[in-house]
Amino acid sequence: MEVANQIDEFFKRTRQSVFIEAEAKQSKIEKFIEEYNSKYSRNLSMSDDGIIVLKNNADKWGLELRCYFNDRTEFPEGVKVALNKVYRPEYSFRFNDVSVILQLFSLGYKIGAN
């Protein structure tokens with residue numbers, strides 16, 4: 001949880017917008033939404049911004065969580081940050097660490113804009 005706390009402090013200190021999305025095939029997304037809503041008392045649905053449902057023939061098998069943001073200056077170590085040139089063009093960077101993003105949910109972050 002230490003890395004998630006450092007990232008949370010970083011986002012608060014830099015006051016930047018953050019966007020979190022979930023991507024998977026329908027059955028995995030349905031399971032994720034059910035668990036997410038139950039654990040965090042949310043009302044997330046399949047049509048919400050930040051939920052991406054892949055076609056059944058997609059070459060992906062698990063849930064992907066991605067966190068997008070714009071300024072990585074002094075971003076905490078411990079998470080691999082990548083340039084973002086394809087998805088969500090309004091954000092310059094992203095990371096895909098599912099365990100850290102799940103920890104961010106526990107700190108109050110949510111799917112969508114934060």
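**Architecture, core packing and aromatic contacts of the predicted model**

Residue S92 is located in the loop that joins β4 (82–83) to β5 (93–95); helices (H or I, at least four residues) and strands (E, at least two) are DSSP runs numbered from the N terminus. The model is a predicted one, in which local features need pLDDT of at least 70 and side-chain atom pairs count only at pLDDT 80 or more, while totals for chains, interfaces and linings use all residues. Residues are numbered from 1 along each chain as its sequence is written, and side-chain values use heavy atoms, with hydrogens and water left out.

With a relative accessibility of 32%, S92 counts as partly exposed, where buried denotes under 20% relative accessible area, exposed over 50% and partly exposed the range in between (1.4 Å probe, protein chains only). When neighbours within four places in sequence are set aside, S92 is in contact with F69, N70, A82, L83 and N84, contact being defined by heavy atoms within 4.5 Å. The C-alpha atoms of S92 and Y109 are separated by 19 Å in space, the two residues being 17 positions apart in sequence.

The protein contains three helices and six strands, arranged along the sequence in the pattern α-β-α-β-β-β-β-α-β. Its radius of gyration is 14 Å, close to the 13 Å that the globule rule gives for 114 residues, so the protein is as compact as a globular protein of that length. This radius is taken over C-alpha atoms, and the globule rule is 2.2 Å times the number of residues to the power 0.38. The C-alpha trace spans about 40 × 30 × 20 Å along its principal axes. Of the 114 residues, 41% count as buried. Among contacts with a separation of 6 or more, residues 24 or more positions apart account for 70%.

The largest nonpolar core comprises 29 residues, of which F11, F32, F75, F95, F105 and I111 touch the most other members. Such a core is a set of buried Ala, Val, Leu, Ile, Met, Phe, Trp, Tyr and Cys residues joined through side-chain atoms within 4.5 Å. At least two residues of this core are supplied by each of α1 (2–14), β1 (19–25), α2 (26–40), β3, β5 and α3 (98–106). The greatest contribution to this core is that of α2, with five residues. Residue F32 touches A22, L44, I51, L63, L65, F105 and I111, residues up to four places away in sequence not being counted.

The structure holds 16 aromatic pairs, in which rings of Phe, Tyr and Trp (its six-membered ring) have centres within 6.5 Å, with planes under 30 degrees apart counted as stacked, over 60 as edge-to-face and the rest as tilted. The rings of F75 and F95 have centres 5.8 Å apart and planes at 50 degrees, so this pair is tilted. F75 lies in the loop between β3 (64–69) and β4, whereas F95 belongs to strand β5, so the pair ties together parts 20 residues apart in sequence. Both F75 and F95 are buried. One aromatic cluster is formed by F10, F11, F69, F75, F93, F95 and Y109. Charged side chains also lie over aromatic faces: K25 over W61, at 3.8 Å from the ring centre, and R66 over Y87, at 5.2 Å from the ring centre. The criterion is that NZ of Lys or CZ of Arg is within 6 Å of the ring centre and within 35 degrees of the ring normal.

D8, in helix α1, has a relative accessibility of 8% and counts as buried; leaving aside neighbours within four places in sequence, D8 contacts L104, L107 and Y109.

Most residues other than glycine have a negative phi. A positive phi, near 50 degrees, is found at S41, in the loop between α2 and β2 (51–54), where S41 counts as exposed at 68% relative accessibility. E74 likewise has a positive phi, near 65 degrees; E74 is situated in the loop between β3 and β4 and is exposed, with a relative accessible area of 66%.
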